[in-house]
Amino acid sequence: MASSVASARRYAEAVFELAVETDTLDQWSADLAILADFLSEPDVAALLASNRVPREEKQRLLGAGLRTAGTQAMNLARILEDRGKTHIAREIQLAYQVKANERRGVAHATVTTAVPLSDDERRAVGERLSEITGKRVDVTALVDENIVGGIVARIGDQLIDGSTRTRLQALKRQLTAAR
C-alpha cells in the first residue's frame, strides 16, 4: 500500500509539473477526476486487472470510457494500464489536487461540529480559517455528536480543537491537579 501511495505521488508530481509548464492546472484537475472515476468503476477495474483480456481490448475500453478526457490524460491512462497501475488513479488525483490547491493558495478544511452548520455558518467558519491560514479555505462540514459542542477543524496536518468536549477534559485535568 505504501508503495502505491509513493507511486501515485510520483505520477501526480509529474502531471503537476506538466500542468504548470502548460498552464493547464484546471484541465488536469478535470481530466484526473474523469480518469479516477472511470478507472474506479468495479467492472472496469476488474477488466483492466484481468490477464485474460487482450491489451488491445483494454486500450479500446480506455478510449471509449475516457473520450471526454484530454489527450495527455488518455496517455497517462495508457501508461498506467501498461504498467498495471490503473488502481492508483484515485490516489494520483488526490495527490495532484493537493499540489494544485497549494499552488492556488487554497486549503481544504474538514470542520466537525455537534450539529449541522447552516450555509452562513459554514461560510463564516471558512472566512475565519482563511484569516488564520492566509489561504482561501474550502470547508467540508461533518457532524459528530460526541464533541458535545464547539468546533474541530483540520487543515492538512493542523488541528484546531475548540470543542466543548476538549474544554471539559482540560477543566477536569485542572481540577484533578488542583487537589
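Colleague: First, what kind of model is it?
Modeller: This is a predicted model.

Colleague: OK, helices. At what angle do α4 and α5 cross?
Modeller: Their axes cross at roughly 150° and come within 10 Å. Helix α4 covers residues 55–65, and helix α5 covers residues 71–82.

Colleague: Why call them roughly antiparallel?
Modeller: Because angles over 145 degrees count as roughly antiparallel. The crossing is at roughly 150°, so α4 is roughly antiparallel to α5.

Colleague: Is that crossing left-handed or right-handed?
Modeller: Right-handed, as α4 passes α5.

Colleague: Which residues meet there?
Modeller: On the α4 side, R55, K58, Q59, L62 and G63. On the α5 side, M74, A77, R78, E81 and D82. This contact of α4 with α5 has 5 charged residues, 3 nonpolar and 2 polar.

Colleague: What about α3 and α4? At what angle do they cross?
Modeller: Roughly 150°, with axes that come within 10 Å. Helix α3 is residues 42–49. So α3 and α4 are roughly antiparallel to each other.

Colleague: And the handedness, left or right?
Modeller: α3 passes α4 in a left-handed crossing.

Colleague: Who touches whom?
Modeller: V44, L47 and L48 come from α3. They meet K58, L61 and L62 of α4. Sorted by type, the contact of α3 with α4 has 5 nonpolar residues, 1 charged and no polar.

Colleague: Back to α5. How does α2 cross α5?
Modeller: The axis of α2, residues 25–40, crosses the α5 axis at roughly 40°. The two axes come within 10 Å. That makes α2 oblique to α5.

Colleague: New topic. What is the volume of the largest pocket?
Modeller: About 340 Å³. It is lined by 13 residues. Closest to the centre are V98, V106, A107, H108 and G156.

Colleague: Which element gives the most to that lining?
Modeller: α6 does, with 5 residues. Both α6 (89–104) and β1 (106–113) supply at least two residues each.

Colleague: How does the lining divide by type?
Modeller: The lining of the largest pocket has 6 polar residues, 5 nonpolar and 2 charged.

Technical notes. Residues are numbered from 1 along each chain as its sequence is written. This is a predicted model: local features need pLDDT of at least 70, side-chain atom pairs count only at pLDDT 80 or more; totals for chains, interfaces and linings use all residues. Side-chain values use heavy atoms; hydrogens and water are left out. Axes are lines fitted to C-alpha atoms, for helices over the stretch in contact, and angles run from 0 to 180 degrees between N-to-C directions. Helices (H or I, at least four residues) and strands (E, at least two) are DSSP runs, numbered from the N terminus. Angles under 35 degrees count as roughly parallel, over 145 as roughly antiparallel, 65 to 115 as roughly perpendicular and the rest as oblique. A crossing is left-handed if the near helix is turned anticlockwise from the far one by less than a right angle, and right-handed if clockwise. Contact means heavy atoms within 4.5 Å. Ala, Val, Leu, Ile, Met, Phe, Trp, Tyr, Cys and Pro count as nonpolar, Asp, Glu, Lys and Arg as charged, and the others, Gly among them, as polar. On a 1 Å grid over the protein atoms alone, a cavity is a set of points where a 1.4 Å probe fits but cannot get out, and a pocket is an open set with protein on both sides within 12 Å along at least five of seven lines; lining residues have an atom within 4 Å of a point. Grid points are joined across faces, edges and corners, and a volume is the space filled by probe spheres set on the points.
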